[in-house]
Amino acid sequence: MPAHIFLRERLRQTPLIARLVVSMVLIAGVTVALLFFFFSRADRREIETLQTEMLANVARDLAGNLAALGENEVSRVRNLASARAVQDFATARPAQRSALFAPTLADFTNFLASDAFYRAALLLDPSGEVLVSTEGSYVGLNFADSVFFQTALAGEPHMSEPGISALDRQPVIWLSAPVYAETLPGSGPGSGPPAGVVAVALSPEKLWQRVESVAVGQNGYAIVLDRWGIRVAHGRDRRYIFRSLMPLPPDVWSALQADGRFGPLAEIASTGSTMLWEYVQRDSRAPVMTADAPGGGGRVYHSAAAVPDRQWTVVAMLPEAEVLAPANRVSSRTVLA
């Protein structure tokens, strides 16, 4: 007997109630499958939105934190430059300075003791020569070509980009502020040209630890880029610090060398992160950008935020697998249900 005839006969012999039950079960199964599909997609979009908002908030919060860090450090070195002993030494004649050396050095020493990340405090004359320093090797050196000195001599406190000292080849951030003569009655603060410049060598370890302490999920991290796309901090691997997203143009590298920012380094390695570099350069960038991880590690979500008052950009990163993990868990539980 042909198969279709056999099935037709069996169906005719099947009670009506059984046929109705089978039909209802099939319809219910298809309905549940469709509902599961649409609910899963909705859950996935909602969870992805929540996760990306969290990522963007992390980037913004860290950017604000770093802005506050820079403002606090500049304020502290400005206060040091206004200390009476420092002002007296900077404005005194060379023959009168020997008696003022000890009080100035004491102020510098106390300042360094207030923060373990401070490495040296210096007083420079208007020509850029170091007159007093807590590190004797700095005395007599000239920083006239350094941006931190030139900016302070122009009357503006300054916090330099992280770099490498040519003297000891250690990572350093320079803080500087102008030193003025003691304010006289009827004259405003900072009147007249600076009598000198106070500079403080700050270890970038303070910046690095701040970035490394930021939790971005389980496997995410944050980085900080300067205006050239050079990593000045990395939340996961310090070996990437001072590597650029893209190769630096020759004129940019020449300017960095002239400033002495990277001391003995002959070049800056790059990682070829084209999509990330294009993303951080956009004037109006999307809150989140996805790109493939180097080495085929899957896709990664990125969110960038500018650091106020500095030419830095914070980028928070989180693997796609972790972003969508809550949605996948919800889908699995729905399937079981």
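Q: Leaving aside its neighbours within four places in sequence, which residues is Thr-271 in contact with?
A: This is a predicted model, numbered from 1 along each chain as its sequence is written, and side-chain values use heavy atoms, without hydrogens or water. Local features need pLDDT of at least 70, side-chain atom pairs count only at pLDDT 80 or more, and totals for chains, interfaces and linings use all residues. Contact means heavy atoms within 4.5 Å. On that basis, the partners of Thr-271 are Arg-231, Tyr-240, Arg-243, Ser-244 and Leu-245.

Q: Where is Thr-271 found?
A: Helices (H or I, at least four residues) and strands (E, at least two) are DSSP runs, numbered from the N terminus. Thr-271 falls in the loop between H7 and H8.

Q: What distance separates the C-alpha atoms of Thr-271 and Leu-245?
A: Along the chain, Thr-271 and Leu-245 are 26 residues apart. Leu-245 is also one of the contacts of Thr-271. Their C-alpha atoms are separated by 5.3 Å.

Q: Which side chain makes a polar contact with the side chain of Thr-271?
A: A polar contact pairs N or O atoms within 3.5 Å; within protein, one must be able to donate a hydrogen and the other to accept it, and residues adjacent in sequence count only if both atoms are side-chain atoms. For Thr-271 the distance is 2.9 Å. The partner side chain belongs to Arg-231.

Q: Is Arg-261 buried or exposed?
A: Arg-261 sits in the loop between helix H7 (250-259) and helix H8 (274-281). Its relative accessible area is 8%. Buried means under 20%, exposed over 50%, partly exposed in between (1.4 Å probe, protein chains only). Thr-271, at 29%, is partly exposed, whereas Arg-261 is buried.

Q: Which side chain makes a polar contact with the side chain of Arg-261?
A: Beyond four places in sequence, Arg-261 touches residues including Glu-161, Trp-228, Leu-256 and Asp-226. The side-chain polar contact of Arg-261 spans 2.9 Å. Its partner is Asp-226.

Q: Which strands stand at the edges of the open sheet?
A: Five strands form this sheet, in the order S8-S7-S11-S10-S9, with antiparallel pairing. Two strands pair if DSSP finds at least two bridges between them. Each edge strand has a single partner strand, so one side of each is left without a neighbour in the sheet. The edge strands are S8 (231-234) and S9 (289-292).

Q: Which residue in S10 is the bridge partner of Met-289?
A: S9 and strand S10 (residues 299-306) pair in the antiparallel sense over four bridges. In S10, Met-289 has as its bridge partner His-302.
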